[in-house]
Amino acid sequence: MAHVIDEIGEFDPESSVLLLGSGFSLGATNIGNGTPPNGKGLRRHFIEQLKLPADTDYDLQVLSEEFAENDPEKLRDELYRIFRLTELTSGQTAVLNEPWRRIYSTNYDDAVELHRLKKKVPPNAYDISEPVPNKLPHGAVVHLHGSIRLITPDNVMKSIVLGEGSYVNQYVVRSLWYDQFQRDVAFASTLYIVGYSLADYHIAGLLLANPKLAERTVFIQGPTVDDTFLRRTKQFGRTMFIGTDGFAEMLTRVPRSAAPSLDNLRSFRSMSPLRDKKAVARPTATEVFDLLVYGDFDPGRLARSQPGQEYAIARADSVRAAAEAIESKASLVVDGRLGNGKTIFLHLLAFELSSRGWTCLQLQLGHPDLPREVTALAEEDRVVVFVDQYSAAQDSLRGLREALPKAKLVVEVRTGTFEVRFHEFVQLLPKPFDRVSLNRLTRPEMTAFSQLCESAGLDAPAEDHRGDLRDLLLNVFKNAAVRERVKEALAPLFEKRATRRILTMTMLIATHQVSVGASFVRTVVGEDPFMALKPLEDLSHEIFETSADGFRARSSVFSSFVIAEFIAAEEIADAVVEVTLAASQRRRERPYRILMSNMIAYSSLRRTLRGKGDPDTVIASIYERLRYDERVNGEPLFWLQYAIAMAEKPRLDTADEFIANAYRKAEHLQGFHTYQIDTQAFRIALLRATKQSTGQAVFNIDAVLRGIERIDAMLDDGSHRSFAVKVLDNVQPFVAARLGDLAAGERTALQFWLLKVAKSLALLPDDFKATAGSEAVRKNVEAAAAMFVDQR
C-alpha cells in the first residue's frame, strides 16, 4: 500500500473527477437481493427471460427492444428490480464520502443517490435525458448512460443506454453532457476510474487518446493483475490493482493537497520566464520558420532568447509603455488586429513586469478551482492577471476585479472589438485604464523582422513597408517557395476526409480568433480530432494547439492563408453551416454565441470567400441552408445578416422584409438591443429611397426620418456609436438624389435631423474621432444639410 500511495502522490478530491464503471457496484445489494450484473450479465438475464438459446449472440439493445416490445412496463420493472440498490459495501461508502468535484457514472444503478439519501443530503443527480443546467453544483453525479431512478415505461428505451445501438444513437445526437464531461475532465487534477471493464467501450469512447489527459488518469481495478487490461488501457492512463476497498483504504492514508498558494495554482498559469529551467540555446532556423509560418509559438523558447531578437521581435517601445502603464494605472488593454502578435506581446510584457518584481498570471477560464484560488490571491501584492480572450472572459471580469482589488489586469482584445464595445471596457475594467495598440511596426521593428525572416531562410519584406505584422506575414506566404512548402506539408491532412474537415473548420474558426473544445470538433466532424490526427502527430503539432480543454489552429494568419489558397468555396460553405449549427446548440455559452455570430456575419463571409467565384451566391446558399434550423431561424441577427446579403445583390425589397423579420424575432427575446438592426434598417431605407425613380414622392420618408432619429440617439451612446457613424455615409447620396422630391414638411424635418446629427458628431470624444474617422462623416452630413439652403 505504501508503494501505491507514493505513486498516486497528493490527493485533492475537490478538484478531482470520479468515473464509476460497471465494476464499482460489485458487492452492493439490490432489491432482488443479488449483485447488479454488468452488461454481459444483463444480456444473459434477458436471454433467459425471453427463453432464447443460451448461445444467442444478440446485442443487448436488440434483446431490450424484444423484451419491451409488448410490455415496456415489464422491462422498466425488471431493470428497477435488478439495479435499484439497498445496501453499499463499506469500501463503496468510503469512496463516496469524499467531496469529489464531480462524479460520472456509466452504471444504471443508484449507488451515489442511495449513499446521499442515507447521509440526508441532496442527491444532485442528473442523466442524459435532462438538459444541462447553467451551473452544475459541486459534487453532482451525472449518469452518462441513464439512471434507474428516472426511467418510466414511456421513456425506458430512450433514457437508458442499453448496448451498442443506443450508444451509437447517443453518439449521433452528441449529447451536451459529453461537452460537460470534457470540461470537467480538462480541469480535473486527477480522473479516477473505478471498475472499468474491457467490455465497457462506452468509457473508452469518452476518453481522449491524449497524453496530457493520460498523465492524470488512474484506473482502479480488482486486486488481480490483468496483463491484457494493462496492454489495452496503456494509452489512457495508469492502473492500480487494489479494488474498491483498497482504493478506499488508500484515500485514508494518502496526503491531501495543500491549500492554494502562488506555488500551486491551477486556474492561473504562471507567465514567469524563470519557470522554464532548460539550458539556454539559440533558436534554430526551423523553430523560427515554424513560428512565422505556422504560428507554433513556444513561450519557453521566447524566454530563453531574451533579451535578443533571434526568435521574435522585441517590440521594446510598446513593452516599455505597457509596463509603465501597469505601474501607474489599474488595468491595461492590449489591442491589435487579427494576427498582429498579441499573444507574443503579452509574454514579452510579462517578462518585463517579472523583472520589475510583479507576479504575472494568465487566467485559465472555466477552471473549477478559480473561486478558492482567487480568495488565496486576494491579499497578494504586485500581481498582474493576464486575460487573453476578452469575449470569453467578459462575464468573469467584474467578479475578478471585485475579488482581486489589489491586482492589475491586462486584457487582450481585437481592435475592432475594442472600438465597438468600448463602453463595456469602461464598465468592466478597474479605473484608470490605459491602452497599447499593436497595429503598426516602428522602423527598428521592421528591421528586426527582416533579419528574423532572413535567419529562417525566408524572403525579407521591403524596407519601406510599414504595414501590420499580419500583412508582412501574408507577404511571406505569397513567396512561391513558401507556398509550395506549405502545400507539400499539408498534403497528408488533405488525403482523408476527416482530417481535411478538421483542418478546414479549425482554421475557419481561427480566422475569428476563437478557440473551441475538442468535443466541439468531434460534434461537427464526427470523429475525435486527437484520434484522427494521431498518425500525423508531428505535423498536427506544428499547426494545431491541442490540450484536454482546447483545440485551435496556432496561427490566425496562417489559417487565413490556407483557407484562401487551398480550400474550395463549397467546403467553406459546408464548414460554416456545420459549425454554426453546432454552435447554436451551445449558444447559452458566450464563446459559442460569439462564434455563431461571427460565422454568419455577411462581411466575414464575403472576406473569407474573396477570389472564389461568385461569393454572394455562395453566401445566399449558406443562409438558405441555415434558415431551416429553428435555432438559427429564431435569431434576429441571422435575419439581419441575410438582409445585408440581399441589399448587396441588390434585392432591397427582400432586404426590407428580412429586416422587419429581424425586428419581429427581437421582440420575443427579453433584453435584446436592436441597434445593429436599426443601423441596417436605416441604410436599407436610404438605399431604397435613393433607387426609387425621381419625380415621385419618397415612399418611405417616414422610415428614413425614424432611422436618422435612432442614429442620433446611438451617437450619444458609447456602446452603439461606431455602428451609427458607418451608416451615415449613405445620407449625402440620398439627399443629392431625392431632395427635389421631398415635400416642404419633409425637408424641414430632414434638415433638422441632419444638423442635429452633425452637432452630435462634433461632440464625440477626441479619441473616438481619431479611430473611427467620424470627422469626415460629419463633413459629409453637413454638406448634405447645406443642400437644403442651396435649394432655397
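Two strands count as paired if DSSP finds at least two bridges between them. Strands (E, at least two residues) and helices (H or I, at least four) are DSSP runs, numbered from the N terminus.

A quick note before the views: this is a predicted model, where local features need pLDDT of at least 70, side-chain atom pairs count only at pLDDT 80 or more, and totals for chains, interfaces and linings use all residues. Residues are numbered from 1 along each chain as its sequence is written, and side-chain values use heavy atoms, with hydrogens and water left out.

**View 1. Meet a parallel sheet of seven strands.** Reading across this open sheet, the order is S5-S6-S4-S1-S7-S8-S9. S5 (125-127) and S9 (238-241) each have a single partner strand, so one side of each is left without a neighbour in the sheet. Neighbouring strands are turned by 20 degrees against each other on average, direction ignored (axes are lines fitted to C-alpha atoms, for helices over the stretch in contact, and angles run from 0 to 180 degrees between N-to-C directions).

**View 2. Zoom in on S5 and S6, with a helix on the sheet.** Three bridges link S5 to S6 (residues 141-143), and the two run parallel. Look for Asp127: its bridge partner in S6 is His143. Helix H9 (residues 176-187) packs on the sheet and touches S1 (17-20), S4 (102-105), S5, S6 and S7 (191-194); contact means heavy atoms within 4.5 Å. The direction of H9 makes about 130 degrees with that of S4.

**View 3. Follow the chain from S8 to S9.** These two strands run parallel, and four bridges join S8 (residues 217-221) to S9. Ile220 sits opposite Met240 in S9. On its way from S8 to S9 the chain passes through helix H12 (residues 227-233), making a right-handed β-α-β crossover (with the strands pointing away from the viewer, the path from the first strand over the helix to the second runs clockwise).

**View 4. Now for a mixed sheet of six strands.** This open sheet goes S10-S12-S13-S14-S11-S15. Edge strands S10 (268-270) and S15 (433-437) have a single partner strand each, so one side of each lacks a neighbour in the sheet. Six bridges join S11 (residues 331-336) to S14 (residues 408-414), which run parallel, and Asp335 has Val413 as its bridge partner in S14. Helix H18 (residues 370-377) packs on this sheet, touching S10 and S12 (359-363).
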